[in-house]
Amino acid sequence: MFSKSLIAISALVGSALAQTCPEVNRFGTLKFPNPIVLGQAITFQANYTCARELGFGPVVYGDFFLQVPESNNTGFQPPIYFARRSPSGDEDTFTVTFDPTYVGFTTYPDAQYQIVQATTHAAQSDSYGTTLTTGEIFYPVSVVQASN
Ligand SMILES: *[C@@H]1O[C@H](CO)[C@@H](O)[C@H](O)[C@H]1NC(C)=O
Ligand SMILES: *[C@@H]1O[C@H](CO)[C@@H](O)[C@H](O)[C@H]1NC(C)=O
């Protein structure tokens with residue numbers, strides 16, 4: 001009796017987790033404070049639990065950019081590449097401090113921004129080795145100077 005109810009409980013937990021894993025999370029999720037205050041330590045929390053639950057391969061790289069979307073970009077605002085991570089588990093927390101004196105921030109103080117989370121997975125093949133695939137997720141974010 002005891003072992004049967006344990007099995008029933010773990011089946012419930014399994015289906016509950018699957019339900020919280022929408023397909024959109026296949027490249028991971030990312031938590032961070034909004035707005036991003038320049039010159040202050042910003043903590044990012046990436047979570048690849050659902051990527052694994054949905055059957056994607058191991059995460060090889062988590063790459064992160066802060067960029068001005070094309071619709072708001074003068075053409076002279078290149079993406080800021082702020083982290084390349086090689087997560088060892090499903091959760092990866094890291095901290096970044098953006099330079100408030102960077103010319104892109106000072107020249108275009110009203111620019112709109114988005115965070116790009118670019119997740120590279122490895123798909124294994126027995127015959128030809130590894131194929132890497134990258135998926136991107138975009139998160140709108142405000143970027144402000146500390147004095148604002
Ligand atoms: C990571 O995602 C999983 C699945 O959604 C969730 O159960 C877990 O609590 C998350 N971890 C953190 C630290 O938020
Ligand atoms: C981007 O958006 C801001 C705020 O709306 C605006 O002041 C600025 O002129 C826009 N820049 C471009 C290149 O569209």
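A: What follows covers a ligand shell and then the rings.

Q: What should I know about the model and the numbering?
A: It is a predicted model: local features need pLDDT of at least 70, side-chain atom pairs count only at pLDDT 80 or more, and totals for chains, interfaces and linings use all residues. Residues are numbered from 1 along each chain as its sequence is written, chains are lettered from A and ligands numbered from 1 in the order written, and side-chain values use heavy atoms, without hydrogens and water.

Q: Which residues are around ligand 2?
A: Asn72, Thr74, Asp110 and Gln112, taking a heavy atom within 4 Å as the cut-off.

Q: How far is the polar side-chain atom of asparagine 72 from an oxygen atom of ligand 2?
A: 2.3 Å. For glutamine 112 the value is 3.2 Å. A polar contact here is a pair of N or O atoms within 3.5 Å.

Q: How much of ligand 2 does the protein cover?
A: 47% of the 360 Å² of accessible area that ligand 2 has on its own (Shrake-Rupley, 1.4 Å probe).

Q: Switching to rings. How many aromatic pairs are there?
A: The whole structure has 11, with ring centres within 6.5 Å as the cut-off.

Q: How are phenylalanine 64 and phenylalanine 94 arranged?
A: Their centres are 5.0 Å apart and their planes at 50°, so the pair is tilted (under 30 degrees is stacked, over 60 edge-to-face, the rest tilted).

Q: Where do they sit in the chain?
A: Phenylalanine 64 is in strand β4 (residues 59-67) and phenylalanine 94 in strand β6 (residues 91-97), 30 residues apart. Strands are DSSP E runs of at least two residues.

Q: Is phenylalanine 64 buried or exposed?
A: Buried, at 0% relative accessible area. Phenylalanine 94 is buried too, at 6%. Buried means under 20%, exposed over 50%, partly exposed in between (1.4 Å probe, protein chains only).

Note on methods
Polar contact = N/O pair within 3.5 Å; in protein donor to acceptor, adjacent residues only side chain to side chain. Phe/Tyr/Trp six-rings, centres within 6.5 Å; stacked < 30°, edge-to-face > 60°. Helix = DSSP H or I, 4+ residues; strand = E, 2+ residues; numbered from the N terminus.
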